[in-house]
Every structure is written in C-alpha cells, then in structure tokens.
Amino acid sequence: MHSDQIKQFDPSSLSSSSSSSLTAPVSALVSEAVPSPPLSPSSSSSSPNEPSLTSLISDIHKVLGPDQGLDSKNIDAGEIIRLMEQYSSNSKDWAKYAMFDHSRAYTRNLIDDGNGKFNLMILAWSKNQQSPIHNHSGSHCIMKILDGELQETLYDWPNRVEESGESADITAAVVESKPSIDGGVPLNVSRDTMYHANQVTYVHDSIGLHRIKNPSQQQGAVSLHLYTPPYQLCKTFEEKTGKARSSGVCTFYSVKGTPVCD
Ligand SMILES: [Fe+2]
C-alpha cells in the first residue's frame, strides 16, 4: 500500500446536500423481507437534539444487545433503519474514520464490532468505482449515505448458483470486459436507484443481490453500513453469466480510525 493512495476524508469537500435529511422509502423494501414497525419520518432540520454518531452507535447496541439472538430472523431491521434515518450526517462525526485507499474500488473502515452482534463500518468510495455484484450471506445490510451519491443496482438471484473454486477481493476494482466462461445466463436487473446524502436503504438475500457504485467522476462518496449478524465471506457474481465466486475474507483497512492494513 502506498501512502499516496491513502486519503483521509476532507470535511471541506462535503457536498452541500449532506447537511439535510431526506426521507428514505425503505419501509416498503423491508416489508418484503421481514416484519417491521412503522418508520418515523426523518428529521428535516438540524437541531441540538439530533443524535450524534456516538448516540446512534449506543442506540444500535441497545437494539442488538446481549438479549438478541444472532439469527437474522430474530432481528428487527426496521428499528435499526429508523435509527439510521434519524441520524443526520455530520462530517465532524465520521471524517476520522473515512479513509480512502484509491488502489481499491472502495475502502472498508470498521467503527464498531458490536461485541460480535454486528459490524458498523464506513465505506469510502473512490470516484467512478463500483463493488462487484454480491450477496450478504443471510445478514441484514443497512446503508446510509453520508456524503456524495451512490447508485444501487438490485439483481434477481440466478436460477441456479454455480460457484467456481476461485475467490476474488470484494474491494478490488471491477473490470468486466468479457465473460469469463462460455454460456451462463445474464443476471436480471430488478431495480436501479440513486441515493443521496442521508438516505437509507436496506438489502437482504431474500430481496436479491446488489451492486453499489459511485458514479461521480469528480468526487468520492462515503456511506455508513450496518451488517447484522456480521459476516466475513459472501459471494460475488459476474453480471453477464451469473457465475459466482467466493469473495475471499473481507478485511478492514482501518479499525476505529487507525489503519491496520499494510
Ligand atoms: Fe452490499
């Protein structure tokens, strides 16, 4: 890793939309996968009473605390989504975690390991980069945009998952110039959505596969992700053939604001 590839988030680059809250229509998505309570509307203005990132983390611990099982069927994703919606992005809260390694499509920065119940992390997306299409290994994935814009493309599962013995780093830049195998069936796109600062979205294997992309040619993007239960391995999928690969073990570039990657 070269030091010139490492870039901490610059608060002065925060886009103006990051300080406002937008109501995210995630309740309909959650209802496809798990029962959820009505979501309260997001706050639309800054106030001294708005939760900080620290209080958001504390509230998540209360919901996913020691009495909650790790089985995702027992976890109320709607409650976590509501908490994530109530937090209004403030770069003073998260800039210290938002490290960019521009040799990757995106950089995984762990904030809190949830005592084994969840992983809360900040992903820093290099400009014009995207994740591979992937699943979430049975976990709930809740994503909030902190800065910039991110495009989520949702795909249906292939009729049959054929996994090769290969594995690939899930944070590596995605290049899909030509199919790696003959045959196969292209994945079907079920939804394509652009998310802006403070919007929240949710995905689970019961909804489908997805790809996240920072479409901007000019600036990076930053997002807050909660995965519960936490997972280390998932599958990635080739769009043109549906062929699956293991993601390899997902590692972190930094933990609690300290780089841990050589
Ligand atoms: Fe994902």
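This is a predicted model: local features need pLDDT of at least 70, side-chain atom pairs count only at pLDDT 80 or more; totals for chains, interfaces and linings use all residues.
## Strand 3 and its partners

Let's start with strand 3, which runs parallel to strand 16 (residues 254-255) and is joined to it by two bridges.

Is strand 3 enclosed or open to the outside? Six of its seven residues are buried, so strand 3 is largely enclosed by the rest of the structure.

## The whole protein

Now let's step back. The protein has 262 residues, and 41% of them count as buried. Its secondary structure comes to four helices and 17 strands.

How much of the contact pattern links residues 24 or more positions apart? Among contacts with a separation of 6 or more, such pairs account for 84%.

## The nonpolar cores

The largest nonpolar core has 45 residues. Those that touch the most other members are Ile 60, Ile 80, Met 84, Ile 122, Ala 124, Ile 142 and Leu 226. Several elements give two or more residues to this core, including helix 2 (53-63), helix 3 (77-86), strand 3 (106-112) and strand 7 (140-147). Which strand gives the most? That is strand 4, with six residues.

Leaving aside neighbours within four places in sequence, Ile 142 is in contact with Ala 77, Ile 80, Ile 81, Met 84, Val 200, Tyr 202 and Leu 226.

## A closer look at Asp 93

Finally, find Asp 93 in helix 4 (residues 91-94). Is Asp 93 buried or partly exposed? The cut-off for buried is 20 or more other C-beta atoms within 10 Å. Asp 93 has 19 C-beta neighbours inside 10 Å, so it counts as partly exposed.

Not counting residues up to four places away in sequence, Asp 93 touches Ser 52 and Leu 53. Asp 93 and Leu 53 are 40 residues apart along the chain, while their C-alpha atoms are separated by 6.0 Å.

Methods:
Residues are numbered from 1 along each chain as its sequence is written. A residue is buried if 20 or more other C-beta atoms lie within 10 Å of its own, exposed if 12 or fewer, and partly exposed in between; C-beta atoms are placed from the backbone. Two residues are in contact if their C-beta atoms, placed from the backbone, lie within 7 Å. A nonpolar core is a set of buried Ala, Val, Leu, Ile, Met, Phe, Trp, Tyr and Cys residues joined through C-beta atoms within 7 Å. Two strands pair if DSSP finds at least two bridges between them.
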